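Subject: Handing over the two-chain model

Hi there,

Here is the structure I promised to pass on to you. Please open it alongside this email, and I'll walk you through what turned up.

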Amino acid sequence: MRSLLLISILVFTAFTTNGVQAQTNDSQTEQRIRQLSEKIRCLVCQNQSLADSNAELAQDLRQQLREQVTAGRSDDQILDYLVQRYGDFVLYEPPFKATTVLLWIGPFVLLAAAALVLVATLRRRRRAPEEPALGPEDKRLVERVLGPASPPERDGSAR
Amino acid sequence: MKRFLWPLAIFILLVGFLAVGLRLDPREVPSPLVGRPAPAFELPVLHQPDKRFVPGDMRGKVWLLNVWASWCVSCRDEHPLLVELSKKGILPILGLNYKDKGEDAQRWLKQFGDPYQLSVVDADGRIGIDYGVYGVPETYLIDAEGVIRYKQIGPLTMAILEQKVLPLAKALRK
């Protein structure tokens, strides 16, 4: 009786673990499909990823992804497959190549240029002699308008 | 004075970029297939389902492959132009009936005229994916060696036909 119980338990666990394994495999596939389809633009509704889109083409392409993931193709192979047909535009992250150099490097070039300008401006400002608040010309003008400065008063305020 | 000219120059440059950007059509995705051999397929012919067609059958000819479907509204706009073109007999037109039902497709052709030398049936849209189809109608100009030379996304117009497709086809035939 006991052995029968043991056997039935063994058989049962064998079945269930089998089932669990198949399930994890499945969810891994699903996760890969999900990750891939988030990198891919739906060409029908261009501001949606393949994962978000319900366009018929998006469904077909997701089916393609599923088939290819199940067939054991790598992510790069699958993305290549799509790029060959729909062009780089299908990728949300454009590849780094001659035509996209400006796109990838441009912001850093701009940043560097801005930093250079900033440094140059700061240096020039520091090097420039500080202008006197009032030149002799200005002083003369002030005196002409306000009359000559009265020294006693100024002394008084200084003390 | 010079320090005010700089921002102005940058502003004008920016406006220039934006003006060009606004005129571009985001739906016109450059196809990587132009200049490459047309993807192979073997599909049943719409009117003779037991017969099969491969693009190799058109080798030696310059031809148009037009992707259409009876459910596609802009195909209806384009169709009279194709019918007219087929009457002139300048360029053989073949149809790729994309994700359609056989009866619907045949009824549609009966109603609007059949400009196609033949139509092949891509019922599940698989070949469409190989051709990078994402908005029916699409039209491919394929040369004698089976290389795609031009791709039109969306309906053909008289202007596109006269300015791009036909001159290119003429040049390719030489």
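First, some housekeeping. This is a predicted model, in which local features need pLDDT of at least 70 and side-chain atom pairs count only at pLDDT 80 or more, while totals for chains, interfaces and linings use all residues. Residues are numbered from 1 along each chain as its sequence is written, chains are lettered from A, and ligands are numbered from 1 in the order in which they are written.

**Chain A.** This chain has six helices and zero strands; helices are DSSP runs of H or I with at least four residues, strands are runs of E with at least two, and both are numbered from the N terminus.

Have a look at helix α4 of chain A, residues 101-127. Its 27 residues reach 38 Å from first C-alpha to last, close to the 39 Å expected (1.5 Å times one less than the number of residues). α4(A) has a kink of about 30° centred on Pro107(A), the bend being the angle between axes fitted to the seven residues ending there and the seven starting there. The count of buried residues in α4(A) is zero.

Strands β6 (residues 138-142) and β7 (residues 148-153) of chain B run antiparallel and are joined by five bridges; strands pair if DSSP finds at least two. Glu138(B) faces Ile153(B) across the pair. Five residues lie between the two strands, and Gly146(B) in the turn has a positive phi of about 85°.

**The core.** The largest nonpolar core has 54 residues, and among those touching the most other members are Leu43(A), Trp68(B) and Val136(B). Such a core is a set of buried Ala, Val, Leu, Ile, Met, Phe, Trp, Tyr and Cys residues joined through C-beta atoms within 7 Å. Strand β3 (residues 63-68) of chain B gives the most to it, with five residues.

**Leu118(B).** You'll find this residue in strand β5 (residues 118-122) of chain B. Leu118(B) counts as partly exposed because 16 other C-beta atoms lie within 10 Å. Its C-alpha is separated by 5.4 Å from that of Leu94(B), 24 residues apart along the chain.

Happy exploring!

Technical notes. A residue is buried if 20 or more other C-beta atoms lie within 10 Å of its own, exposed if 12 or fewer, and partly exposed in between; C-beta atoms are placed from the backbone.
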